[in-house]
Amino acid sequence: MAQHLSYEDSKRGVWKGLGLLAAVTVIEVMLSLLKAAEFAENLRLLIYFASLLIIALSLYKAYFIIYEFMHMGYEVKALAMTVLLPTFLLLWGMIAFFNEGDAWRKGREKIINKNELKVPDGGEVGYIDRTDEIMFVG
Amino acid sequence: MTEERDTDIIIAADQKPELTSDWAGGDRKPFRTSYGKLMMWYFLLSDAFTFAGFLIAYGALRFSSASWPVPDRVFATMPFGINEMFPNAQAPLMFVTFMSFLLIVSSGTMVRAVQEGARENKRGVVLWMLLTVLGGAGFLACQAWEWTNLIGKENMTVTTNPFGTYTEDGYYLDPETGELTDEEVATGETYLLHVAGEAHGEAEEFEEEGAYQYATTPGDYPGYVVDGLRPDGTINPAAKRFIHRKYVVERENGDTYERVQEFGPTAFGALFFGITGFHGFHVATGVIFLLIILINAGGGVYAARMNGYEMVEKIGLYWHFVDLVWVFVFLVFYLL
């Protein structure tokens, strides 16, 4: 790999790295398949944590590919920073757009719910129960 | 016209550097690396932003949908009917995991090519680059099969997504009589809408002996709907005749609603083909450039440069980046 390692060591490093990436991928797939497992059906929290773990493992894979395979770990620090720091701008992109997407979904759900509201039949016309959903129709 | 200032460094006429060597950037390289590698890094940074834009759009649209197809259900087929060996003929994520391995291994062989280049070992460079090309080509072949299966057999396109997901619990209606059955509909479960009269390579109720045969004529039947009826009652011969089963859901307050299996979010198909296609395009480009550099390396072009096969290093950076992007495509499309 880099000059600081002997040729033999760096060769071994590649296969070790490959094994690591493959193992992490297998773990990710198994965690992902939890969703389909019968026993996990009612454990929303478990699936939620499994998803977080999958994301963390993917980020680790990304770090490993950049720092070892792409040699970023052996470049001058300033070079690494000029390439890596701009990607942190994306964090805001994710926060903003995912929230926006969530807001679109809520908007649609509101419309669907209102479409399903029923007008009270004959006897109830003119009588509005303040606790009833109908009061939101406006 | 500029005046001569005493802060200017006066260079004797015979000491002035040649214009041509000025363009080489001098002896002090920025960040102690070559311009070629530096510019490859910045190209990759810009490309990362392009992919990030796509993936953030994917996230926004996924968050905006009431349901999203479960990848375990969508990506459960394999070539040569290998999925038949799995329970229910479903091999969730197996094929795409194999594709990931191909790409990861080709990344490893690329590192080996760069190492051999640093030792000026031409034969080693050619051998390991050849293996890298094979890995990349294998990945593309797998993706070609995956797309063919999705489009040709499962009828998913950029505008149609037959993978729907239930958002409420309920019970199916019997397709023949329209009576309530005890066959359950579960929230979060993904189904594939079948096309009337077509086999989908799945061991489902559609292919079992003595199973109910769905009508192939468009219309509204007691327990299902077949697509293709225009609002005025005439048949649209060009429409794909998707079968939508009917089911009944019950709310907590006792109200019951009849529902029809809907198509899944359209954005799923468009995003899937758009993003994996853009990634596949990068892989294809990478394979072409790997081949060019492989041939040059074999022809001794880089040996003559005496710079430790720096060109191999640069294409290596690109190739690892393709693998890096796949980590995220794999994450959002298949794992989550």
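This is a predicted model: local features need pLDDT of at least 70, side-chain atom pairs count only at pLDDT 80 or more; totals for chains, interfaces and linings use all residues.
**View 1. Chain A is built from helices.** Welcome to chain A, whose secondary structure comes to four helices and zero strands. Following the sequence, the pattern reads α-α-α-α. Of the 138 residues in chain A, 13% count as buried. Among the contacts in chain A with a separation of 6 or more, 39% join residues 24 or more positions apart.

View 2. Chain B has 336 residues, and buried ones make up 35% of them.

**View 3. Chain A meets chain B.** In this view, 45 residues of chain A are in contact with 40 residues of chain B. On the chain A side, helix 1 (7-33), helix 2 (44-69), helix 3 (77-84) and helix 4 (89-116) each supply at least two of the touching residues. Helix 1 of chain A gives the largest share of that side, with 13 residues. Sorted by class, the side of chain A that touches chain B has 26 nonpolar, nine polar and 10 charged residues.

View 4. Val327(B) counts as buried because it has 23 C-beta neighbours inside 10 Å, where 20 or more are needed. Leaving aside neighbours within four places in sequence, Val327(B) is in contact with Ser58(A), Lys61(A) and Ala62(A). Within its own chain, Val327(B) can be viewed together with Ile104(B): the two are 223 residues apart along the chain, and their C-alpha atoms are separated by 9.4 Å.

**View 5. Helix 5 and helix 6 of chain B pack against each other.** Two packed helices are described by the angle between their axes and the distance between the axes. For helix 5 (residues 122-153) and helix 6 (residues 266-298) of chain B, the axes come within 9 Å and cross at roughly 155°. Helix 5 of chain B is therefore roughly antiparallel to helix 6 of chain B, as an angle over 145 degrees counts as roughly antiparallel. The crossing of helix 5 of chain B past helix 6 of chain B is left-handed. Residues that helix 5 of chain B brings to this contact include Val126(B), Met129(B), Val133(B), Gly136(B) and Leu140(B). From helix 6 of chain B, the contributors include Gly280(B), Val283(B), Val287(B), Leu290(B) and Leu294(B). By class, this contact of helix 5 with helix 6 of chain B has 15 nonpolar, seven polar and one charged residues.

**View 6. Strand 7 and strand 8 of chain B form a hairpin.** Strand 7 (residues 243-250) and strand 8 of chain B pair in the antiparallel sense over five bridges. One bridge to look for joins Val249(B) to its partner Tyr257(B) in strand 8 of chain B. Five residues lie between the two strands of the hairpin, where Gly254(B) takes a positive phi near 95°. Is strand 8 (residues 256-260) of chain B buried, or does it lie largely in the open? The number of buried residues among the five of strand 8 of chain B is zero, so the strand lies largely in the open.

Methods:
Residues are numbered from 1 along each chain as its sequence is written. Chains are lettered from A and ligands numbered from 1 in the order in which they are written. Two residues are in contact if their C-beta atoms, placed from the backbone, lie within 7 Å. Ala, Val, Leu, Ile, Met, Phe, Trp, Tyr, Cys and Pro count as nonpolar, Asp, Glu, Lys and Arg as charged, and the others, Gly among them, as polar. Axes are lines fitted to C-alpha atoms, for helices over the stretch in contact, and angles run from 0 to 180 degrees between N-to-C directions. Angles under 35 degrees count as roughly parallel, over 145 as roughly antiparallel, 65 to 115 as roughly perpendicular and the rest as oblique. A crossing is left-handed if the near helix is turned anticlockwise from the far one by less than a right angle, and right-handed if clockwise. A residue is buried if 20 or more other C-beta atoms lie within 10 Å of its own, exposed if 12 or fewer, and partly exposed in between; C-beta atoms are placed from the backbone. Two strands pair if DSSP finds at least two bridges between them.
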